[in-house]
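Thanks for making the time.

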Amino acid sequence: MTPLELSDIQAYLFKDYKEMGSSKYYLLQIKNARAAKEFLASIADDITHANASVNETSINIGFTSKGLIALGYNNEENMHSFSREFREGMVSAHRQRLLGDFDSSDPSKWQWGGPNNEQIDIMLMVFGKNESVAENYFHRLKQKFEPGLSVVHILDGRPLPKDREHFGFRDGISQPVIKGSNTTPAGNNDDINAGEFVLGYKNEYDVYPDAPLLKVAQGNSRLLPNNPGGYEDNSGKPFKDIGRNGTYFVLRQLEQNVNGYWSFIKKQTIDTNGNPNNQEATKIAAKMMGRWPSGAPLVLDPDKDPGGDSDENSFSYRSKDPEGEKCPFGSHIRRMNPRDQFEESPESVSLKLTRRHRIIRRVRSYGEDFIGSAENHKPNGEVGLLFGCFNANISKQFEFIQYTWANSPKFKRLYDDPDPIIGVRECPATGVKQNFTIPQSTVNRVIPNMQSFVTVKGGAYFFFPSVSAIKFLSTI
Amino acid sequence: MVDMIKQHPLIILSPVKKDMLETLDKRLHVIREKLQGGTETEFKKVPTLHYGRFVILNRDSFRDEPTVPVGTRLIFSTNFDGDKENHLTELVTHLEKYIDDIYECCEDYPEAGSRTTESRKTYLKKYSIKTSAFFNGAPGRSVQQIHKEASLRDHIWSYINKNKWNGTTTAVEIHRAIRNEIDSKSEFEWSKQKAEVQGIKWLNLIAYGLLLIAALPLVIIGALYLFLFHELWNKKQTLTLSQLDDRKVNKLKEVEDLFPQNQFTQVAVLKPNFIRRLNFQIWMLRTRVLANNVFVHGKLLNIPTIHFARWVLFDKNRHVLFFSNFDGNWQQYLGDFIDQSGWGLTGIFSNTVNFPKTKFMITGGAYDEEHFLAWSRSTQVPTQVWYCPYPHLSIKNINNNTKIRNELRMDLNEEQAKAFLKRF
């Protein structure tokens with residue numbers, strides 16, 4: 001196994017920065033390419049890499065495909081060697097169908113990243129121990145970038161309050177560990193080959209992921225390594241690799257309708273006197289999620305929430321819950337990580353296939369620090385998640401998970417069940433049912449007419465280059 | 001027990017009149033728009049039609065240099081129930097307007113004055129070609145049966161969910177209550193007859209296995225020969241997905257993921273030597289044996305999402321078409337092929353030019369993920385018209401529905417009755 005060149009990889013891929021009180025994503029547009037490149041050159045050594053020690057602040061940076069072109073990386077052949085998903089961006093007619101961004105989530109209604117919004121070229125991610133530290137740091141950076149870049153939109157994120165998202169569930173428990181990094185191995189199926197998350201290393205198919213190569217000379221290419229895949233030009237010279245030690249970052253702003261969510265679930269529990277049952281509602285919500293609010297997995301605690309905070313992640317489905325009576329097949333976590341029960345495949349095949357469709361999640365909350373529950377579900381103003389994830393192949397990982405596992409109602413043996421949290425369409429086509437099935441020992445319980453409580457408000461795909469590629473980009 | 005109706009492949013390959021290509025393209029486009037908008041009403045008039053597709057195949061459809069000259073041709077393919085004569089009659093009568101409009105653009109189609117059911121059929125038969133290997137995900141299930149069994153399942157589903165079942169009611173009692181409910185509805189009278197389901201044909205399989213063992217020395221010599229004289233000399237493929245022509249890929253994507261099911265049409269050129277062509281034929285034979293005898297429960301090479309698939313050798317056995325109708329999308333489908341059955345695909349398609357390099361037809365090939373995906377996408381051909389009569393049923397749903405129908409009539413014990421109820 002090739003050891004990872006950690007000093008060349010941006011740190012956010014490895015570190016969640018939960019200890020940082022403030023995470024601000026500045027979406028920038030290039031006004032003057034030369035000045036923008038000067039800015040990149042001036043901050044390249046300050047970019048927080050995975051070996052850097054972090055005190056009060058940290059910065060990472062990502063580029064959209066339009067941003068790379070605006071910066072001057074505009075040779076068609078060079079751009080064309082980036083993955084198609086990244087080049088096209090999050091908004092296209094076909095991608096809208098894949099991601100299910102319709103109705104209120106239609107990109108034409110987005111606040112940023114949509115066809116009616118200003119172009120986004122660069123995302124500067126500034127993390128600070130607290131709000132004012134982050135702000136101060138940003139203002140120092142701003143003085144440097146102002147000649148070349150302007151701020152289009154600011155996403156103001158914070159770590160999830162008590163690690164819980166706004167519906168009230170402990171989040172971010174299951175996370176892949178990149179092999180070859182200095183993180184402690186998980187010792188289970190979460191240990192994943194680096195090439196699933198970092199370009200230039202072998203992935204779970206034991207091949208190098210499709211990576212952007214410098215096909216036509218541009219800038220100071222000596223700053224870039226040769227590609228490891230053996231791709232060479234006609235004279236037998238290996239192409240330089242702008243992708244190595246870089247990755248792709250997916251960002252989506254997801255508004256959560258907490259009140260709608262809990263009201264809908266409570267309505268399912270109304271007794272003959274018209275009163276909802278909060279305990280029962282919490283159980284249904286847990287069935288939809290696959291974990292209790294505390295994070296405890298239903299497979300291990302099927303009957304009630306043991307309470308406290310749980311990071312329990314060593315469980316599997318095949319032997320403990322083959323029929324989904326504890327954790328429904330349709331539940332969010334069983335779809336997002338099918339573990340040892342991928343469709344009808346045998347155990348070893350399931351584990352292997354699951355490893356080929358993982359993402360590293362980087363989630364921030366925005367709006368009020370609000371943790372919803374059956375008792376308390378009315379936050380002040382808009383709340384939601386800044387959902388982010390890293391993957392080396394957007395099509396095989398993020399888009400596959402969203403389409404095949406979340407949006408498709410045919411997951412496993414189901415007929416009409418999209419993912420209850422992120423897969424339900426607001427206005428389904430005529431005749432299309434949307435249910436949630438809770439397997440029970442005799443008759444399954446079905447919750448019909450599921451509703452959507454998550455709305456996409458913006459999104460984009462970013463290239464998250466290595467430190468050396470950032471330096472290289474400043475020389476083009 | 002009702003007799004099983006077998007499903008068959010039909011494929012018609014006819015030369016397109018040079019000056020009519022544009023007209024043909026436009027006419028097909030009109031049909032496609034209607035299908036995508038949900039306003040197409042003609043295809044479903046053909047009771048025996050499962051899937052139908054029209055594809056224009058010309059020199060540009062081939063990624064690699066064809067080894068025999070190719071003109072512009074129209075492919076019309078269907079998967080149908082029962083008798084071919086009957087199916088053709090249905091096509092030319094129920095789809096008369098489509099058939100005339102489309103085939104007017106092709107060489108040799110009867111002139112307007114001389115078009116009759118018979119002359120139209122004669123034309124279609126004249127240009128129909130043989131399918132080399134054919135897979136059916138739900139053998140014996142006719143279109144009518146698929147629709148009827150789906151309505152049975154939906155009715156039972158609603159019945160179960162409408163009733164408040166007392167916590168003490170057993171699964172056996174519920175099973176019986178469901179049967180009584182269905183018995184009280186005359187529209188489900190047909191469900192009293194058990195549906196015949198094809199099982200794995202062990203005898204044939206054993207015979208095939210014995211044959212394979214007997215031929216083992218030949219197989220080993222063949223594999224060695226292929227390795228030393230062919231595989232070693234094959235060029236390493238370097239094309240990746242990002243490198244493919246954007247216009248071509250976008251044309252394919254334009255018609256993808258409009259429904260929960262998708263189609264895949266592919267054309268490849270066999271390597272231009274005898275041993276490769278022979279090897280391809282051997283793999284077709286193997287695929288036929290397995291598809292007819294083993295892959296009869298809805299999984300092709302372990303892939304649980306394929307409704308129908310076929311391989312068609314044509315152009316004097318120098319070129320091959322592959323068609324598939326499947327649940328889910330392209331990335332999932334091709335991923336499944338690598339994950340579940342890379343060996344099968346590698347065995348078959350390593351005999352086509354510019355397939356990712358293989359070793360003993362086992363390693364490399366489809367397992368070379370990046371280059372295999374690029375090979376698949378770049379040999380794919382846009383499908384002009386694609387019809388499916390049950391776009392909202394997965395192949396797993398279809399097979400599950402038949403089991404529901406049959407288990408409804410069985411006397412089940414408590415465990416079995418619970419398993420029955422899990423089907424909903």
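Strand 2 (residues 49-57) and strand 3 (residues 73-81) of chain B pair in the antiparallel sense, over 8 bridges. This is a predicted model, so please hear everything that follows with that in mind.

What is the strand order of the open sheet in chain B? There are 4 strands, in the order 1-3-2-10, and the pairing is antiparallel. Strand 1 (7-15) and strand 10 (385-387) of chain B are the edge strands, each pairing on one side only. On average, neighbouring strands in this sheet are turned by 10° against each other, direction ignored.

Now to chain A. Its secondary structure comes to 12 helices and 14 strands. The radius of gyration of chain A is 23 Å, close to the 23 Å from the globule rule for 476 residues, so the chain is as compact as a globular protein of that length. Along the principal axes, the C-alpha atoms of chain A fill a box of roughly 75 × 50 × 45 Å. Of the 476 residues in chain A, 54% count as buried. As for contacts in chain A between residues at least 6 apart in sequence, 69% of them join residues at least 24 apart.

Next, the cores. The largest nonpolar core has 124 residues. Which of its members touch the most other members? They are Met123(A), Leu124(A), Met125(A), Val126(A), Val198(A), Tyr248(A) and Phe462(A). Strand 14 of chain A, residues 454-464, gives the most to this core, with 7 residues. Apart from that core lies another, of 82 residues, which includes Leu241(B), Leu313(B), Leu345(B) and Leu393(B).

Take Val126(A) as an example. Leaving out residues up to four places away in sequence, Val126(A) touches Lys24(A), Tyr26(A), Ile59(A), Ala134(A), Tyr137(A) and Phe138(A).

Last, the interface. How many residues of chain A are in contact with chain B? The count is 32 residues of chain A, against 35 residues of chain B. On the chain A side, the elements giving two or more residues are helix 5 (93-99) and helix 11 (395-407). Helix 11 of chain A gives the most to that side, with 5 residues. Sorted by class, the side of chain A that touches chain B has 13 nonpolar, 10 polar and 9 charged residues.

That's the tour; I'll take questions.

Notes. Residues are numbered from 1 along each chain as its sequence is written. Chains are lettered from A and ligands numbered from 1 in the order in which they are written. This is a predicted model: local features need pLDDT of at least 70, side-chain atom pairs count only at pLDDT 80 or more; totals for chains, interfaces and linings use all residues. The radius of gyration is taken over C-alpha atoms; the globule rule is 2.2 Å times the number of residues to the power 0.38. A residue is buried if 20 or more other C-beta atoms lie within 10 Å of its own, exposed if 12 or fewer, and partly exposed in between; C-beta atoms are placed from the backbone. Two residues are in contact if their C-beta atoms, placed from the backbone, lie within 7 Å. A nonpolar core is a set of buried Ala, Val, Leu, Ile, Met, Phe, Trp, Tyr and Cys residues joined through C-beta atoms within 7 Å. Ala, Val, Leu, Ile, Met, Phe, Trp, Tyr, Cys and Pro count as nonpolar, Asp, Glu, Lys and Arg as charged, and the others, Gly among them, as polar. Two strands pair if DSSP finds at least two bridges between them. Axes are lines fitted to C-alpha atoms, for helices over the stretch in contact, and angles run from 0 to 180 degrees between N-to-C directions.
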